[in-house]
Amino acid sequence: MKMLVTGAAGFIGSHTAQRLLAQGHEVVGLDNLNDYYDVTLKQARLTRLTALPGFRFEKLDIADESAMRALFARERFARVVHLAAQAGVRYSLENPHAYVHSNITGTLNVLEGCRHNGVEHLVYASTSSVYGANTNMPFSVHNIADHPLSLYASTKRANELMAHNYSALFKLPTTGLRFFTVYGPWGRPDMALFMFTRNILEGRPIEVFNNGHHHRDFTYVDDIAEGVVRVSARVAQADPAWRSAAPDPATSFAPFRIYNIGNGSPVPLMRYIEIIEECLGRKAQKNFLPLQLGDVPDTSADVEDLAAAVGYRPATSVEVGVRNFVDWFCEYYGYKR
């Protein structure tokens with residue numbers, strides 16, 4: 001079927017588009033190729049996609065209302081995978097308007113496009129950051145997630161609420177996926193694994209926040225992409241057991257679902273660094289720093305709902321995933337270990 005993948009030049013978007021193409025779908029990939037990070041990396045991801053049959057690229061900003069309206073009317077997508085967003089917790093403290101522009105206005109345009117053009121299922125990216133001040137672990141989609149600690153998380157939680165609105169009013173099936181610390185080859189330069197690897201190779205210190213006491217549910221990008229593709233094939237349905245007197249945040253009387261996608265095995269940050277060191281054959285110089293504003297100390301995903309719905313749970317170990325990233329990084333950037 002014809003599918004739209006927004007953010008197709010992005011880290012998760014490019015992996016997801018590849019997987020959909022491998023299944024024989026026609027994929028229109030949308031991206032604005034902004035300069036939040038190295039545009040040449042985005043273009044390199046796109047080059048891999050454009051070499052594959054069934055892929056077409058549209059350079060377009062999802063916040064451009066008229067262009068989005070025209071795209072949806074022209075293409076008549078069967079399903080939409082919405083992964084475009086202004087990402088990053090810390091950057092949301094510096095440039096909050098970028099998050100409203102992309103994550104709120106942009107997502108509204110996606111929802112409107114789906115509503116008016118017969119899209120049968122919208123799958124969209126959310127984040128583990130929505131759990132915010134919650135320390136009840138593992139994080140469950142059945143628990144309230146209304147205490148975010150960053151504007152990034154707030155916009156993603158708003159996306160979930162907006163999706164419910166469209167599911168309830170217009171019977172648009174929507175599924176939100178809360179991603180947990182995604183890492184792997186072709187990753188973003190603003191993420192810890194990328195920065196740690198580069199600094200260790202260049203003999204520069206790494207910044208270890210929260211004095212190294214973080215635990216993270218690191219999730220390999222191929223596991224994320226597999227989960228996205230499986231969920232996109234399972235159109236959200238109303239939950240017949242949903243009760244307004246005791247509402248379940250993960251389901252609804254409307255065709256609406258939310259799932260976690262995480263590895264389900266939190267790893268101490270210091271162990272994560274050790275694995276990078278082992279893969280590089282070098283020790284890191286570490287600058288220990290306090291917890292950053294907007295960050296959460298620990299994350300852990302309850303993925304039982306995902307497993308029950310699509311028969312899948314992420315399982316790639318950090319030892320395997322980090323080595324795959326380091327191999328890609330050294331080859332792509334020409335580093336010698």
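Mentor: The largest cavity is lined by His82, Thr107, Val110, Leu111, Leu122, Tyr124, Asn159 and Ala163. On a 1 Å grid over the protein atoms alone, a cavity is a set of points where a 1.4 Å probe fits but cannot get out, and lining residues have an atom within 4 Å of a point. This is a predicted model, in which local features need pLDDT of at least 70 and side-chain atom pairs count only at pLDDT 80 or more, while totals for chains, interfaces and linings use all residues. Residues are numbered from 1 along each chain as its sequence is written, and side-chain values use heavy atoms, with hydrogens and water left out.

The search of the whole structure finds one cavity of 30 Å³ or more, and the largest cavity holds about 30 Å³ of space. Here a volume is the space filled by probe spheres set on the points, with grid points joined across faces, edges and corners.

At least two lining residues come from each of α5 (96-116), β5 (121-127) and α6 (151-170). Such helices (H or I, at least four residues) and strands (E, at least two) are DSSP runs, numbered from the N terminus. Helix α5 gives the largest share of the lining, three residues.

Sorted by class, the lining has five nonpolar, three polar and no charged residues. In this scheme Ala, Val, Leu, Ile, Met, Phe, Trp, Tyr, Cys and Pro count as nonpolar, Asp, Glu, Lys and Arg as charged, and the others, Gly among them, as polar.

Methods
1 Å grid on protein atoms, 1.4 Å probe; cavity = no way out; pocket = protein on both sides within 12 Å on 5 of 7 lines; lining within 4 Å.
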